[in-house]
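Please go through the model below with attention to ring contacts, sheets, helix packing and a few single residues.

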Amino acid sequence: MATNGTSSLPFKLADPDLFHQDSYVDGKWVQAKSGKRFDVVDPGSDKTWASCPDNGVNDVDAAVESSYKAFKEYSIMNPRQRAQLLMKWHELITAAKDDLAKILTYETGKPLAEAKGELDYSLGFTWWFAGEAERIQGSISVPSAPNRRTFVIKQPIGVAVALVPWNFPIAMILRKAGAAFAAGCTMVVKPSPETPLTCLTLAHLATKAGFPPGVFNVLTTSLENTPSLSEALIMHPHVKKVTFTGSTRVGKLVAKLCSKGLKKCTLELGGNCPFIVFDDADLEQAATQYMALKWRHAGQACITANRLYVQSGVYDKFTQILVEKTKALKVGHGAEDGTTMGPVTTPRGLAKAEEQAADAVKHGAKLVLGTGKAHKNAKADEGSGEGKGVGGYFMDPTILTGMTPDMLMSREETFAPVAGIYKFEKEEEAVKWANDTSMGLASYAFTKNVDRLWRMLENLEAGMIGLNTGNSSAAESPFGGIKESGYGKESGKDVAVNEYLVSKTGTFTIAGQY
């Protein structure tokens, strides 16, 4: 067997050297001090296909100290040199795109075409932040006091910790690391237990691109050790910035820990995103956008359309269009030819999806497509062991009509291939329902009334509003929510890099007279 375990992979890589299963600290592949490892499971088969070190609290200090040492040199590196490193990294990731997509499919379950789509999306961040590295600017001003000048300079904040999710593991890492590296920060990444391998590949490519040891460290860990490892990373005195993408529940815990050291924190949390279709909308356009937004990665995106509000005049017609389009989806293993929707990534996701669908039916909703239940051989309950090794975590796309605000799907984020359609009469009613959530990540509205589009932009309570469009996330536009969907912005001009900078004000008095 090869030292990096590529001979046992369920797929072939064009470049076997890309694949690594150990943590990465200070330019070296390392084990956990405990010697323990955890399994990485393919959601499409429920079979173990790799393993990684189960790092714990005792592994934190070495990783952070490495990044702290690297920061002292990297933070004063010429911005153009940082830009060149980012661009070289971008080129290497581009060259490895097909191999990375294969690894991503077996980690997340998403179809290979979607995995390649995530790579294309992710590469926008390395490209964008390579340009931003040289555009970090301070300011100079003449204050009200006579004979004075005020300067503001911006400097990298220090060692950053990134806690990243499993649904878009490559995109989330590059969006965070790209901004941090452009700013001059170093980073320790704790990937999700479900998806550590793509992160390790990115670390390998970062070193190959020329980033110094310690700039990009990776500590893998199991689900069991994730809370303690994350807390130790956050609380380490050399860590000055934390960026987290995940659930609102965990985000609140991260914010609380950061508050103890008054550490700068960016939180991109859960979404319960409304998708509103008015009578005058282009229904084909709206349905096409909804399909891409809802069923992508089996409904497991924070900006997916959770609650579909359709005006009464087109409710039946739009439902019919949506059902027919959804019937064309092919559910299967992400690596199989023709698959357009894969499994959910965790059995926990199946259990919650079944609970939400059953609750909706119990309260009067009608199933118009799908069963609202996991496949017979799927492992819906992590503790039951049902279907172990013979299935995967599959559920057919499910559509329910007759939804009401008192159902679980109205109040909770739905991270699964389950869609609920609500009927509304007036604009005011749709806006009220759309905003009736503690979250505020994204909202979507479809109408050909220009005045109404402007009202939607101003009245919908979300950090991102899609107007006659679905997913609008891109490297050049700020990404982030309001309310309990978090605070801070990722990507976009200036704002994302600023999350990794501190401002210093210098004031001096000019002697003599003009």
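Across the whole structure, a search finds 21 aromatic pairs, where rings of Phe, Tyr and Trp (its six-membered ring) pair if their centres lie within 6.5 Å, and planes under 30 degrees apart count as stacked, over 60 as edge-to-face and the rest as tilted. One of these pairs is formed by Phe-19 and Trp-49, which is tilted, at 6.0 Å centre to centre with 35° between the planes. Phe-19 lies in the segment before β1 (23–25) and Trp-49 in strand β4 (residues 47–53), so this pair ties together parts that are 30 residues apart in sequence. Helices (H or I, at least four residues) and strands (E, at least two) are DSSP runs, numbered from the N terminus. Both Phe-19 and Trp-49 are buried; buried means under 20% relative accessible area, exposed over 50%, and partly exposed in between (1.4 Å probe, protein chains only).

The model is predicted: local features need pLDDT of at least 70 and side-chain atom pairs count only at pLDDT 80 or more, while totals for chains, interfaces and linings use all residues. Residues are numbered from 1 along each chain as its sequence is written, and side-chain values use heavy atoms, with hydrogens and water left out.

The rings of Trp-89 and Phe-181 have their centres 5.7 Å apart and their planes at 40°, so this pair is tilted. Trp-89 is in helix α2 (residues 79–95) and Phe-181 in helix α5 (residues 169–183), and the pair links distant parts of the chain, 92 residues apart. Trp-89 and Phe-181 are both buried.

Lys-110 has its charged end over the ring of Phe-168, 3.9 Å from the ring centre. Likewise, the charged end of Lys-241 sits over the ring of Tyr-500, 5.0 Å from its centre. A charge sits over a ring if NZ of Lys or CZ of Arg is within 6 Å of the ring centre and within 35 degrees of the ring normal.

Next come the sheets. Strands of a sheet pair through backbone hydrogen bonds, either parallel or antiparallel. Axes are lines fitted to C-alpha atoms, for helices over the stretch in contact, and angles run from 0 to 180 degrees between N-to-C directions.

Within this sheet, three bridges join β5 to β6, which run antiparallel, and Ile-140 has Phe-151 in β6 as its bridge partner. β5 and β6 form a hairpin with six residues between them, and Asn-147 in the turn has a positive phi of about 60°. On the other pairing, nine bridges join strand β6 (residues 148–156) to β22, again antiparallel. There Thr-150 has Thr-507 of β22 as its bridge partner, and Pro-156 stands opposite Leu-501 in β22.

Another open sheet has seven strands in the order β14-β15-β16-β13-β12-β18-β19, with mixed pairing. β14 (366–369) and β19 (464–467) stand at its edges, each with a single partner strand, so one side of each is left without a neighbour in the sheet. The twist here averages 25° from one strand to the next. Four bridges join strand β18 (residues 442–446) to β19, and these strands run parallel. Ala-442 has Met-464 in β19 as its bridge partner.

Turning to helix packing, the axes of helix α7 (residues 226–235) and helix α8 (residues 248–260) come within 9 Å and cross at roughly 30°. That makes α7 roughly parallel to α8; angles under 35 degrees count as roughly parallel, over 145 as roughly antiparallel, 65 to 115 as roughly perpendicular and the rest as oblique. The crossing of α7 and α8 is right-handed, a crossing being left-handed if the near helix is turned anticlockwise from the far one by less than a right angle, and right-handed if clockwise.

Two single residues remain. Asp-282 lies in the loop between β12 (273–277) and α9 and is partly exposed, with a relative accessible area of 36%. Gln-289 is in helix α9 (residues 283–294) and counts as partly exposed at 26% relative accessibility.

Technical notes:
Pairing = 2+ DSSP bridges.
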